[in-house]
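Biologist: I would like to go through this structure with you, one question at a time. Please end each reply on the value or name that I ask for.

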Amino acid sequence: AAKQQDSSAADYISLANVYAQLKDYDKGIAAIEKALAMSSQANESHYQLLVAMQYQSKRYEAATDTLKTMIERWPGKTQYWSQLANIYLQAGNNEKAHSVLKLAYYKNRLDKASDVLNLARLGMTTGVPDQAARVLADAMEKNRIESSEQNWRLLAQAWRQANEVPQAIAALDHVAEFGSEGEIRMRQAELYMNQNSWRQVLAYVNKAIAAGDLDSPGKAYLLKGMAYTRLNDYDQSLAALQQAGQYQDMAGQAQQWSQYVEKKKALDS
């Protein structure tokens with residue numbers, strides 16, 4: 001009887017494959033569900049066919065249920081974790097996609113760098129950039145993603161979003177090793193500016209100017225002038241602002257700042 005049952009199940013599988021080819025997913029899904037109900041053995045390829053048809057017909061809820069069953073039965077198959085996350089993404093449920101990928105990451109079920117990077121980006125868009133940063137830092141340390149300029153930039157961005165300035169600065173140090181040092185030092189100076197750490201602003205602006213290769217050298221000199229103003233060193237500030245004023249894009253702002261500094265200098269003297 002079992003043999004007869006299995007041959008009927010096989011007939012339904014053949015039928016499901018035909019319906020899948022014809023893109024008649026309603027009948028295909030019905031046929032394969034009958035086959036699964038009849039068969040005592042869970043056949044992985046049958047589940048793969050079922051989830052493919054559910055996905056093609058945009059039955060995302062049903063597809064997630066099938067994939068959860070597949071993950072329970074074949075937990076070592078990494079592709080099912082990323083498929084489940086992908087279906088949540090298709091359905092617009094970023095939080096659930098993030099949860100699946102995070103669980104998979106810590107269970108060592110994510111073997112593709114693209115999935116690890118997806119996990120980090122989802123963390124950044126769902127309001128947990130600190131988690132995203134920790135995943136990226138951990139993944140680079142363990143060589144699960146490469147130590148590339150792009151990945152260090154992403155890590156710096158995640159730490160910045162999480163308001164962890166020292167870690168963002170440290171990540172940008174790695175970015176600077178790949179080139180564009182002047183621009184990177186400027187970004188570090190701006191991060192310190194947001195924290196009102198003016199001595200650090202000055203140190204990094206000077207590094208930026210020394211490195212050269214700046215989109216706007218005037219902006220660097222303006223920031224240097226602002227830092228000296230905040231440190232109450234008005235003569236140094238005016239000298240930096242004079243240099244900023246030699247660049248067309250910053251001439252107006254440099255002039256306004258110079259007038260402000262002259263007034264402060266007069267009041268303080």
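Biologist: What relative accessible area does Asp24 have?

Modeller: This is a predicted model, in which local features need pLDDT of at least 70 and side-chain atom pairs count only at pLDDT 80 or more, while totals for chains, interfaces and linings use all residues. Residues are numbered from 1 along each chain as its sequence is written, and side-chain values use heavy atoms, with hydrogens and water left out. Asp24 falls in the partly exposed class, which lies between buried (under 20% relative accessible area) and exposed (over 50%), with a 1.4 Å probe and protein chains only. The relative accessible area of Asp24 is 26%.

Biologist: Which residue meets the side chain of Asp24 in a salt bridge?

Modeller: A salt bridge here is a side-chain nitrogen of Lys or Arg within 4 Å of a carboxyl oxygen of Asp or Glu, and the structure holds ten of them. For Asp24 the N to O distance is 4.0 Å, and the partner counts as partly exposed at 45% relative accessibility. That partner is Lys27.

Biologist: How many residues apart are Glu149 and Arg153, whose side chains also meet?

Modeller: Their salt bridge has an N to O distance of 3.0 Å, and they are partly exposed, Glu149 at 25% and Arg153 at 28%.

Biologist: Which helix holds Lys219, the salt-bridge partner of Glu190?

Modeller: The side chains of Glu190 and Lys219 come to 3.4 Å, N to O. This pair links distant parts of the chain, 29 residues apart, with Glu190 in helix α11. At 24%, Glu190 is partly exposed, as is Lys219 at 39%. The helix that holds Lys219, spanning residues 217-230, is α13.

Biologist: What is the relative accessible area of Asn143, which has a positive phi?

Modeller: Most residues other than glycine have a negative phi. Asn143 is not a glycine, yet its phi is about 60°, and its place is in the loop between α8 (129-141) and α9 (149-161). Asn143 is exposed, with a relative accessible area of 68%.

Biologist: In which loop does Asn196 lie?

Modeller: Asn196 has a positive phi of about 60° as well, although it is not a glycine. At 54% relative accessibility, Asn196 counts as exposed. The loop is the one between α11 (181-194) and α12 (198-211).

Biologist: At what angle do helices α3 and α5 pack?

Modeller: Axes are lines fitted to C-alpha atoms, for helices over the stretch in contact, and angles run from 0 to 180 degrees between N-to-C directions. The axes of α3 (residues 44-56) and α5 (residues 78-90) are 12 Å apart, at an angle of about 15°. That makes α3 roughly parallel to α5, because angles under 35 degrees count as such, over 145 as roughly antiparallel, 65 to 115 as roughly perpendicular and the rest as oblique.

Biologist: How many charged residues are in the contact of α3 with α5?

Modeller: The contact (heavy atoms within 4.5 Å) is made by Glu44, Gln48, Val51 and Tyr55 of α3 and by Tyr80, Gln83, Asn86, Ile87 and Gln90 of α5. Ala, Val, Leu, Ile, Met, Phe, Trp, Tyr, Cys and Pro count as nonpolar, Asp, Glu, Lys and Arg as charged, and the others, Gly among them, as polar. On that basis there are four nonpolar and four polar residues, and the number of charged ones is one.

Terms used:
Helix = DSSP H or I, 4+ residues; strand = E, 2+ residues; numbered from the N terminus.
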